[in-house]
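Here is a friendly walk through one protein model, written for someone who would like to know which parts touch which. Have the sequence and the 3D view open as you read.

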Amino acid sequence: MEQSWARTWWPALRRVVAGPDVPPVRPPLDRWPRPVRYASLLAVVGLFAATLAEETDRHLPQAVAILFATMTVAPLFTLPWRPLLAWRLTVVALCTCTFNAPPTQAWPWNPVLVVGSLLVLLVVAARVDRPLLVWVGLITMVPVVALVRPSNLAPVVLLLVALLVLGDLVRGNRAGRRALAEQTELSEREQERRAVLEERARIARELHDVVAHHMSMIAVQAETAPYRLADVPDGARAEFTAIAGSAREALTDMRRLLGVLRSESTGPQTAPQPGLADIPAMVDAAHRAGLPVTLDAPAPAAGMPAPVGLAAYRIAQEGLANAARHAPGAAVRVSVRAGPRVLTVRVENTAGPAGPAGTDRGAGHGLTGMRERALALGGTFAAGPLDGGGYAVDAALPYDGEGGDG
């Protein structure tokens, strides 16, 4: 117990008395707008003049009155930069600025010092940790108990305690909101990271089905070539056998990798993966479902790689789903253009009857999936609102124009 006290309260006392100050929460006066700085300076000058007049009315020497007025406003001037220093100056002022107080006054300080001390105490209570706050309260009570009249002591003590408790509640609330904001940001980052990983695993599973088909064809053709071709030399026969074996090994490795990527709830998918040729049927199905969609897609180029066709289909599918979800009733246009080496996919919609589209598109993972599919092929992806109030997604999927089916 004694060690715990020494570790917690003794360092807190040392910091309160002569330790480093707490960093300012708000920017110092030199970063505030110029009118605010001028207004603050005028306020300090006005309080100094009021305090000087008050101390002069107590028939103090001019030098002492100026000193007391300076000690009264000094804590308010240093409060934005160094709250603990402002509190230390306040305690010194409470202990010294008590000469020639009127006998009818409840406390021996001028009103500016009283109000300023309460303000400094509230700000410090909202800025320091609880061990420091306890010492701040106890030390502040010393001049109060010693100099305030006994008949007025209880209300003053209750007021100080209330300010300390209020400041501690403000500090706890601020710390809780800051921790909640940090946790929310961390959760959002983790959710985005998880969405990217899940989408990449899904893309890998779909690409496995595409690549596995071609690898199987390679293996079958290599194995049957010696029987389909006449007079195959022994060296070529061995070469075909090696090609078939390598293709089979690649298929085995891909299946093992797929077993790692596939979740337990995802069973094997035996249906062929869609491609460019399936986009018109998807658009017709969306049109029959009530979505006003048009398709601008000339005949796909010959030899389009299957992964590119799959990515184009999924991007168009997700773009239609986003338009139906976030801009119901809006006109949608799907454009698929095959260049010499780049396939471009664009899905755009006008503003829906309920308002501009795209205002809630960050809630799901659709954009993440489309972006990952484009980047997986070395392409580019862009999405954003249009000037007319609609929304558009653009993807450029590169491919080898001279290649085969991929």
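Let us begin with Thr368, which touches Ala195, Val196 and Glu199 when residues up to four places away in sequence are not counted; contact here means heavy atoms within 4.5 Å. Before going further, please note that this is a predicted model, in which local features need pLDDT of at least 70 and side-chain atom pairs count only at pLDDT 80 or more, while totals for chains, interfaces and linings use all residues. Residues are numbered from 1 along each chain as its sequence is written, and side-chain values use heavy atoms, with hydrogens and water left out.

Thr368 also lies 9.7 Å from Arg200, C-alpha to C-alpha, although 168 residues separate the two in sequence. Helices (H or I, at least four residues) and strands (E, at least two) are DSSP runs numbered from the N terminus.

How much of α11 is buried? Eight of the 11 residues in this helix (residues 366–376) are, so α11 is largely enclosed by the rest of the structure. Buried means under 20% relative accessible area, exposed over 50%, and partly exposed in between, using a 1.4 Å probe and protein chains only. The buried set consists of Gly366, Leu367, Thr368, Gly369, Met370, Glu372, Arg373 and Ala374. After α11 comes Gly378, with a positive phi near 80 degrees.

**Helix pairs**

Now to two helix pairs. The axes of α4 (residues 83–96) and α6 (residues 130–147) come within 9 Å and cross at roughly 15 degrees. Axes are lines fitted to C-alpha atoms, for helices over the stretch in contact, and angles run from 0 to 180 degrees between N-to-C directions. α4 and α6 are therefore roughly parallel to each other, a label for angles under 35 degrees. On the α4 side, Leu84, Trp87, Val91, Leu94 and Cys95 meet Leu132, Val136, Ile139, Thr140, Pro143 and Leu147 of α6. By class, this contact of α4 with α6 has 10 nonpolar, one polar and no charged residues. Ala, Val, Leu, Ile, Met, Phe, Trp, Tyr, Cys and Pro count as nonpolar, Asp, Glu, Lys and Arg as charged, and the others, Gly among them, as polar.

Helices α3 (residues 62–78) and α5 (residues 111–125) pack at an angle of about 25 degrees, with axes 10 Å apart. That makes α3 roughly parallel to α5. Here Thr72, Pro75 and Leu76 of α3 meet Val112, Leu113, Gly116, Leu119 and Val120 of α5. The residues of this contact of α3 with α5 divide into six nonpolar, two polar and no charged.

**Salt bridges**

Side chains of opposite charge can pair when their charged atoms come close. The structure holds eight salt bridges, each a side-chain nitrogen of Lys or Arg within 4 Å of a carboxyl oxygen of Asp or Glu. Among them are these:

| Pair | N to O distance |
|---|---|
| Asp168 and Arg171 | 3.1 Å |
| Arg193 and Glu190 | 3.6 Å |
| Arg346 and Asp394 | 2.4 Å |

Arg346 lies in strand β3 (residues 342–349) and Asp394 in strand β5 (residues 391–398), so the pair ties together parts that are 48 residues apart in sequence. Salt bridges that share partners also join Arg130, Asp168 and Arg171 into one network. Asp168 and Arg171 both sit in helix α7 (residues 150–228), three residues apart, about one turn of the helix, and both are buried. Arg193 and Glu190 likewise lie in α7, three residues apart, with Glu190 partly exposed at a relative accessible area of 34%.

Terms used
Parallel < 35°, antiparallel > 145°, perpendicular 65-115°, else oblique.
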